[in-house]
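The following note sets out a series of points on the model shown below. It is intended to be read alongside the coordinates.

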Amino acid sequence: QLQLVESGGGLVQPGGSLRLSCAASGSIFSINAMDWYRQAPGKGREWVAFITNDGTSKYSDSVKGRFTISRDNAKNTVYLQMNSLKPEDTAVYYCHAAKGGYGYWGQGTQVTVSA
């Protein structure tokens, strides 16, 4: 099985920065792409960014220019650098991996942006 564990969430003031990490372990081979999603209380899960094995990345319009997704293949880890954070970025952030036609999810990490 494939396991994904997010970390790096916390409380930050508006305009601040956080870096989230998603560490993959177990059956990590043949992952096609990895994504970050987020879900605020009472709202649906929103796609944030993805990165492919060749390094191609895309972002939702709501975070474009502020967030950067990256990966460290040696550590089997994907990152989400979040800058210029806004209160509306407050959510549980989830890591997702596509492998063998099945989607895998991490447990999520809470990000709260508040003064």
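1. What does the accessible surface of the protein chain come to, and what percentage of it belongs to carbon and sulfur atoms? The accessible surface is about 6000 Å², and 49% of it belongs to carbon and sulfur atoms. Accessible areas come from the Shrake-Rupley method with a 1.4 Å probe, and for residues only the protein chains shown count as cover.

2. Basis of the values. This is a predicted model, in which local features need pLDDT of at least 70 and side-chain atom pairs count only at pLDDT 80 or more, while totals for chains, interfaces and linings use all residues. Residues are numbered from 1 along each chain as its sequence is written, and side-chain values use heavy atoms, with hydrogens and water left out.

3. Overall form. The C-alpha trace of the protein chain spans about 40 × 25 × 25 Å along its principal axes. The radius of gyration of the protein chain is 13 Å, which agrees with the value near 13 Å for a compact globule of 115 residues; it is taken over C-alpha atoms, and the globule rule is 2.2 Å times the number of residues to the power 0.38. Of the 115 residues, 42% count as buried (buried: under 20% relative accessible area; exposed: over 50%; partly exposed: in between; 1.4 Å probe, protein chains only). Among contacts with a separation of 6 or more, 53% are between residues 24 or more positions apart, where contact means heavy atoms within 4.5 Å.

4. Secondary structure. The protein chain has zero helices and 11 strands. Helices (H or I, at least four residues) and strands (E, at least two) are DSSP runs, numbered from the N terminus.

5. Strand β4. Seven of the nine residues of β4 are buried, so this strand is largely enclosed by the rest of the structure. β4 runs antiparallel to β9, to which eight bridges join it, and Trp36 has Cys95 as its bridge partner in β9. β4 is also antiparallel to β5, with six bridges, and Asp35 stands opposite Phe50 of β5. Strands count as paired if DSSP finds at least two bridges between them. The hairpin formed by β4 and β5 has six residues between the strands, and Gly42 in the turn has a positive phi of about 75°.

6. Strand β11. The covered face of β11 carries Thr109, Val111 and Val113, and the uncovered face carries Gln110 and Thr112. Three bridges join β11 to strand β2 (residues 10-12) in the parallel sense, with Leu11 and Thr112 as bridge partners. β9 pairs with β11 in the antiparallel sense, also over three bridges; there Val92 has Gln110 as its bridge partner.

7. The disulfide. The count is one disulfide, a disulfide being a pair of cysteine sulfur atoms within 2.5 Å. The sulfur atoms of Cys22 and Cys95 are 2.1 Å apart, and the link is left-handed, with -85° about the S-S bond. This pair links distant parts of the chain, 73 residues apart, with Cys22 in strand β3 (residues 18-26) and Cys95 in strand β9 (residues 91-99). Cys22 counts as buried because its relative accessibility is 0%, and Cys95 is buried with a relative accessible area of 0%.

8. The nonpolar core. The largest nonpolar core has 29 residues, and those with the most contacts inside it are Leu4, Trp36, Leu80, Met82 and Tyr93. Strands that each supply at least two residues of this core include β1 (2-7), β5 (46-52) and β8 (77-82). Such a core is a set of buried Ala, Val, Leu, Ile, Met, Phe, Trp, Tyr and Cys residues joined through side-chain atoms within 4.5 Å. Leaving aside neighbours within four places in sequence, Met82 is in contact with residues including Leu18, Leu20, Phe67, Tyr93 and Val111.

9. Ile69. This residue is in strand β7 and counts as buried because its relative accessibility is 4%. Not counting residues up to four places away in sequence, Ile69 touches, among others, Met34, Trp36, Tyr59 and Leu80. The C-alpha atoms of Ile69 and Tyr79 are 5.6 Å apart, with 10 residues of separation in sequence.

10. Backbone points to check. Ser30, in the loop between β3 and β4, has a positive phi near 65° although it is a residue other than glycine; Ser30 is exposed, with a relative accessible area of 60%. Ser84, in the loop between β8 and β9, has a positive phi near 50° and is likewise a residue other than glycine. Ser84 is partly exposed, at 41% relative accessible area.
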